[in-house]
Structure formats: C-alpha cells, structure tokens
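Work through the exercises below with the sequence and the model at hand. Each task is followed by a solution in steps.

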Amino acid sequence: MKTAIFKLGSVAAALALASGPAHAAPVADAAVAADVVSGGTAYIFNTLLFLIGGFLVMWMAAGFAMLEAGLVRAKNTSTQCLKNIGLYAIAGLMFWIIGYNIAYPGDFNGYIGGFTGWYTMQDVGSADLETGYSVASDWFFQMVFCATTASIVSGTLAERIKIVPFFIFVTVLTGVIYPVVVSWEWGGGFLDQMEFSDFAGSTLVHSTGGWAALVGAIILGPRLGRFVDGKVNVFPGTNIPLATLGTFILWLGWFGFNGASQLAMGTVGDVSDVSKIFVNTNMAACAGTVTAIILTQLRYGKADVTMALNGALAGLVSITAEPLMPTVGTSIIIGAIGGLIVVFTVPLLDKLKIDDVVGAIPVHLFAGIWGTLAVAISYPEILGAQIAGIVATAVWVSIASAIVWLVLKVTIGLRPSEEVEIAGLDVHETGVEAYPDFARTN
C-alpha cells in the first residue's frame, strides 16, 4: 500500500523501540532514539495525520463545488452542485466495494489487480500495531483522493451533460479506471518497480482526472454557441466571489493532500518534513497566482481573476508530485511554471475548439504532467520513468474513458436537448433553480 511503500522504515523503527529492551533493534546514536516515539504513540500520530489530512482533502470537495458553481452560468448552478455531492458519494461507495482492492491488491502481476473481497476495517477497540496506523484511517485517506479525481471531470463537462450518464461514468472512473492507475505506483505495480515517483498524485490523481475530462470534452462537444463562425464566445461565470472562495478552500485542503502524503508522523523528522511540505505547497501556489496575474496583465492589458484562481491551482498541482525535496526557491519556480502553463493553454484549447468550462484540463492535466516531470529536478536519474508513467496513464485512462463515454453516447445519450441546454439544466435535471429570485439574462 501507499503507506507501506513510502514510510515503512520510520514506522518500523518506532515499533522496534516500543517492543522493549529485549526485542528492540540496536540504536547506535542516542539522537536516533530521541527522534522516535513509542509504537503506540507513533500509531496514534500516524493515524491522526491520515484522519486530519483526509478530512482536509474531503473539504476540497466543497472547494470544487464552489469553484464550479461560481464559474458556470446561473441556470446550471444547482446541477453542478448536485454533480459534486453525487460524485463524492459514488466515489466513497465504489472505492469500498471494489476500488481499494484494485488499487492495493498485494501480490499481483503489476498491471491489473483483481477483486479480493470487501475491504475489512479493524474490530471495535482493536489496533494492529504492525501496520503503524489504523487501517480505517488509511482507507479514508485513500478514498478522498479517489473522489478528487472525479471532481476534475465535473468542471470540464459542465453545462451540457446529463446527470445520469455523468454519474455512470463516475462509477466506472472511481471503481476501476483510477484504482488501476494507483496500483501501478502506490500499489507496488510496474511503475513503482521502474522507480516512477509521484508523492501525492500529480499524475495518478490530477492527470488521471484530466485525461478523462479531455476525452469526455472531445466526445461531448462544446456548449451551444461557444464556438461560432471562427469566433470564441466567452460565457462569464455567475459568481466570482464564490469561485474565489472555492479556490481558497482547495488551497487549504491541499495541505492535507500533500502534507499527509508524508504518511507518517511518528518521528521528529517526519513532523519536520510535513512542515516543509506545507511551506513548499503554499509557495508554489503563491507563485502560480502571481505569475498568472502578471502574464494576463502583460498579454491582455488586464489581470484576469479566473486565470489567477487557476494559476493558484496549477501551482498546487505542479508541486504535488514532489513537495518535499525541492527548496523553497525551486518550489516557487515549479509553481510559477504551472501558472504560465494555465495562461497559455487555456486559449490553446479554445483554438482547438475544446470547451473546458472551468479550465480543469490546463490545471490538472497539463500542470500535472509538468509537476511529474519536475520530480526529475530532485531525482534526475528517474526522468525516463516519469515519462513512462505519464504515457502509461495517458494511454490507459484515455482509452478506457473513451470506451465508457462512447457507450454512454450511443445508448442513453450524453447531452440534453438543445431546448434544455438553452433553458438551463437546473429546471430539467434537478427541478431546483439556484437563484430563483433573479431574472435570467443568459
């Protein structure tokens, strides 16, 4: 599992010292002994890290919902909120039913893990100290990452996809497509054997969601009126303050996303590393924001607030693959390049007539690719493995997603009628308008 792969050493050291003098591993340096707490205490701290990090990542679901609700038009706001709470719930169910077993199959062929039974939590009042953490806390932490992947797809395909096919796709994405990618690295599969490195998921989470979103956007097509006679029509979001709040919620949640991916808090060194991850994560986001503001001011003569929001998120995605090893200065550069990527790839998608409502593809896919490559700044020898991981993820997720999207398109259909899309999805898909007291202007 992800925990055992990355942090087994620190947990094992803590447990060895906790087992008593007769069984403890020799400690050559008193400083090392002082660095490690007892096994029971390490278990508690490690579990708390998973739980705190997990609920921070869960809170990112609110961030995605508010960001998307702010960037869509008023007539589609309720639908977007329904999609976000629905996808989170589906991800939780599917990750327990099948996803976790595929992601962490134990001994397997390194490519596709099989179903090995329902995931079993520990008995009431019991604890398995050999793991170094509560298995329930580990499952919860892994599950909220799964939900994050689905949230990425939601924003890209906003305003022109029906609820039912979207939820069916999320079921497959969270139950099978995403867990397979996770098994390749965090589950000890072939990418892990190649020494591919993705600390908290620039590729495994963000690019996976990005590829699924890109393929979906191509198959689904743009919103009505988005691209007409060679002209790109901009549909302004209905609530920029709400989108800004969503971005700050995501920024906050990212400290759990990256920080808790240290996966251990039982030593002084682990706690110090979590602190450094917080700083690097924060500074990358700051750099992405400032870069987007400066570039839009220079390029368009006005600073674009939506680009600034996505610049922050791109900085966060960029540092996610390796938030521990870089210096603060290097983290700023990594985040700044993420902001640059957003500013130049958003109009590129427009030229290709790919409609991405919230800019999730530039933020999560393109910046995710960059962040994965940027790991080679710290570990130059694994650049080839990083490229292999990017390509493998692209091929698997794109093909699998295309199959699901196309099957849905030819069976139950993906898009509502033109009349429904023009009127807005809220009335026809949810029966509830988000802003019933305001006159509709678009």
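Contact means heavy atoms within 4.5 Å. With that cut-off, residues 24 or more positions apart account for 80% of the contacts in the protein with a separation of 6 or more. This is a predicted model, in which local features need pLDDT of at least 70 and side-chain atom pairs count only at pLDDT 80 or more, while totals for chains, interfaces and linings use all residues. Residues are numbered from 1 along each chain as its sequence is written, and side-chain values use heavy atoms, with hydrogens and water left out.

**Exercise 1. Overall content**

Task: State how many helices and strands the protein has, and what percentage of its residues count as buried.

Solution: Take helices (H or I, at least four residues) and strands (E, at least two) as DSSP runs, numbered from the N terminus. The protein then has 16 helices and two strands. Next, apply the burial classes: buried is under 20% relative accessible area, exposed is over 50%, and partly exposed is in between (1.4 Å probe, protein chains only). Of the 442 residues, 57% count as buried.

**Exercise 2. The nonpolar cores**

Task: Find which residues of the largest nonpolar core touch the most other members.

Solution: A nonpolar core is a set of buried Ala, Val, Leu, Ile, Met, Phe, Trp, Tyr and Cys residues joined through side-chain atoms within 4.5 Å. The largest such core has 108 residues, and Phe145, Val153 and Trp405 touch the most other members. Helix H6 (residues 163-185) gives the most to this core, namely 12 residues. Now take Val153 and set aside neighbours within four places in sequence: its contacts are Phe166, Phe169, Leu173, Gly209, Ala212, Ala213 and Trp405. A second, separate core has six residues, among them Ala284, Ile341, Trp370 and Ala374.

**Exercise 3. Two helix pairs**

Task: Describe how H6 packs on H8 and how H9 packs on H10.

Solution: Axes are lines fitted to C-alpha atoms, for helices over the stretch in contact, and angles run from 0 to 180 degrees between N-to-C directions. H6 and helix H8 (residues 202-220) pack at about 135°, with axes 10 Å apart. That makes H6 oblique to H8; angles under 35 degrees count as roughly parallel, over 145 as roughly antiparallel, 65 to 115 as roughly perpendicular and the rest as oblique. From H6, Phe169, Leu173, Tyr178, Val181 and Glu185 meet Leu204, Val205, Thr208 and Ala212 of H8.

For the other pair, H9 (residues 240-259) and H10 (residues 268-300) pack at about 135°, with axes 9 Å apart. H9 and H10 are therefore oblique to each other. The H9 side of the contact includes Trp251, Trp254 and Phe255, and the H10 side includes Val274, Ile277 and Phe278.
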